[in-house]
Amino acid sequence: MADVSSGLPGRMGGGAVRHDWTRDEAEALYNLPFPDLMFLAQSVHRRHFDPTRLETASLLSIKTGGCPEDCGYCSQSAHYDTGLKATKLMDQDAVIATARRAKAAGAERFCMAAAWRSPRDRDLDQVCDMVSAVKDLGLETCVTLGMLTPPQAQRLKQAGLDFYNHNVDTSPEFYDQIITTRTLQDRIDTLAHVREAGIKVCCGGIIGMGEAVDDRLGMLVLLANLDAHPDSVPINMWNEVKGVPVNDTADRPDPIALVRLIAVARILMPRSVVRLSAGRQYMSDELQSLCLLAGANSIFIGDVLLTTANPQADRDADLLARLGMTSSLSGRSGAASEMAESSLV
């Protein structure tokens, strides 16, 4: 039997945790014959995870729209007419009720998202109360609130926050074509503040905005070369949004190209949870299955991802049952229909 890793340069095939990956190495992995790439990714995956187990999470938009950032893909930016009405921060009781329904539907982690550039202290007070209350339900907690200062990160940690989501979105080279109101370094600084506070990092990006394959690999190399790999790496496929600039450049990835990217993410960041995030409504069961085989081991459940569609959890439970895989959805078929239409990214 051929040694898949024998033709790879250096330590690429060893599955070691590294922080010195190059673009050339990532490209060499990406371009492996598909059976070899899948074998290598699955081998790495099995060293660190149960390959039959899938993590489930739910995301609620607790403050929607009106964001001052100009992210060219986002329905919530105040710069574009997307037809989305801005809302105030949700009442805590409504948030906790949604979290209870999410837990009953099979979510292990509950994520709360607010469309801010950065939170004001009085808003952060309310979010910290929500975090503590969700934590008391027995759920892991995650928030995404924009940029944070070190003291704000410390306050969230004291409230019991487990994860903070702050995506880099794309490669350093493509970043300025998508966003001008916040630099990539701003994002990396927030990740550092979160880490220093002792909060786990959830950080990934978006594909299908018109970027090249090299940009997708560049995003993964950026994440893999951080001082610590993100604990969770969400891979989002751009959802069509009316009125935003990315409509002019968007190009949905070829399905096999998506699977290759998931496999490279698994190899570059062997201990990170790799999450299939936005865009799953565009994926067939067969494509999702290949992504799971390539090393993805987390999904969002619920009917909505912030402001865009997501597969229903009953469909997810059925797929996992057919694959012989387990998650908190196991045995809960039908429960997901009770979730509010405001879950998920």
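The buried residues of helix H9 are Ala-257, Leu-258, Val-259, Arg-260, Leu-261, Ile-262, Ala-263, Val-264, Ala-265, Arg-266, Ile-267 and Leu-268. Buried here means under 20% relative accessible area, with exposed over 50% and partly exposed in between, using a 1.4 Å probe and protein chains only. Helices (H or I, at least four residues) and strands (E, at least two) are DSSP runs, numbered from the N terminus.

Before I go on, some ground rules. This is a predicted model, in which local features need pLDDT of at least 70 and side-chain atom pairs count only at pLDDT 80 or more, while totals for chains, interfaces and linings use all residues. Residues are numbered from 1 along each chain as its sequence is written, and side-chain values use heavy atoms, with hydrogens and water left out.

Back to H9. Twelve of its 14 residues are buried, so the helix is mostly covered. What should the 14 residues of H9 span at 1.5 Å a residue? The expected span of a helix is 1.5 Å times one less than its number of residues. For H9, residues 255-268, that gives 20 Å, and the end C-alpha atoms are 20 Å apart, which agrees. The N-terminal end of H9 is capped by Asp-254, which has a side-chain oxygen 3.0 Å from the backbone nitrogen of Ile-256.

Now the whole protein. There are eleven helices and eleven strands. Of the 345 residues, 58% are buried. Contact means heavy atoms within 4.5 Å. Among contacts with a separation of 6 or more, 76% are between residues 24 or more positions apart.

Lining residues have an atom within 4 Å of a point. Grid points are joined across faces, edges and corners, and a volume is the space filled by probe spheres set on the points.

The largest pocket has a volume of about 180 Å³. Its lining consists of Ile-188, Leu-191, Ala-192, Arg-195, Val-201, Leu-226, Asp-227, Ala-228 and Pro-230. Helix H7, residues 184-196, gives the largest share, four residues. By type, the lining has seven nonpolar residues, no polar ones and two charged. For that count, Ala, Val, Leu, Ile, Met, Phe, Trp, Tyr, Cys and Pro are nonpolar, Asp, Glu, Lys and Arg are charged, and the others, Gly among them, are polar.

How many cavities of 30 Å³ or more does the structure hold? It holds three. The second largest cavity has a volume of about 50 Å³. Its lining is made of Leu-54, Leu-276, Arg-280, Gln-288, Leu-292, Ile-299, Asp-316, Leu-319 and Leu-320. These divide into six nonpolar, one polar and two charged. Helices H10 (285-293) and H11 (313-323) each supply at least two lining residues, and H11 gives the most, three.

Gln-288 is in that lining and belongs to helix H10. It counts as buried because its relative accessibility is 3%. The side chains of Gln-288 and Arg-280 are joined by a polar contact of 2.8 Å. A polar contact is a pair of N or O atoms within 3.5 Å; within protein, one must be able to donate a hydrogen and the other to accept it, and residues adjacent in sequence count only if both atoms are side-chain atoms. Leaving out residues up to four places away in sequence, Gln-288 touches Leu-276, Arg-280, Met-283, Arg-315, Asp-316 and Leu-319. The C-alpha atoms of Gln-288 and Leu-276 are 8.3 Å apart, and the two residues are twelve residues apart along the chain.

Asp-285 is also found in helix H10. Is Asp-285 buried or exposed? Its relative accessibility is 18%, so Asp-285 counts as buried.

Glu-55 lies in strand E1, residues 55-63, and is buried, with a relative accessible area of 15%. The Glu-55 side chain makes a polar contact of 3.0 Å with the side chain of Arg-275. Asp-169 sits in the loop between strand E4 (163-165) and helix H6 (172-175). Its phi is near 75 degrees, a positive value in a residue other than glycine. At 2% relative accessibility, Asp-169 counts as buried.

Methods: 1 Å grid on protein atoms, 1.4 Å probe; cavity = no way out; pocket = protein on both sides within 12 Å on 5 of 7 lines; lining within 4 Å.
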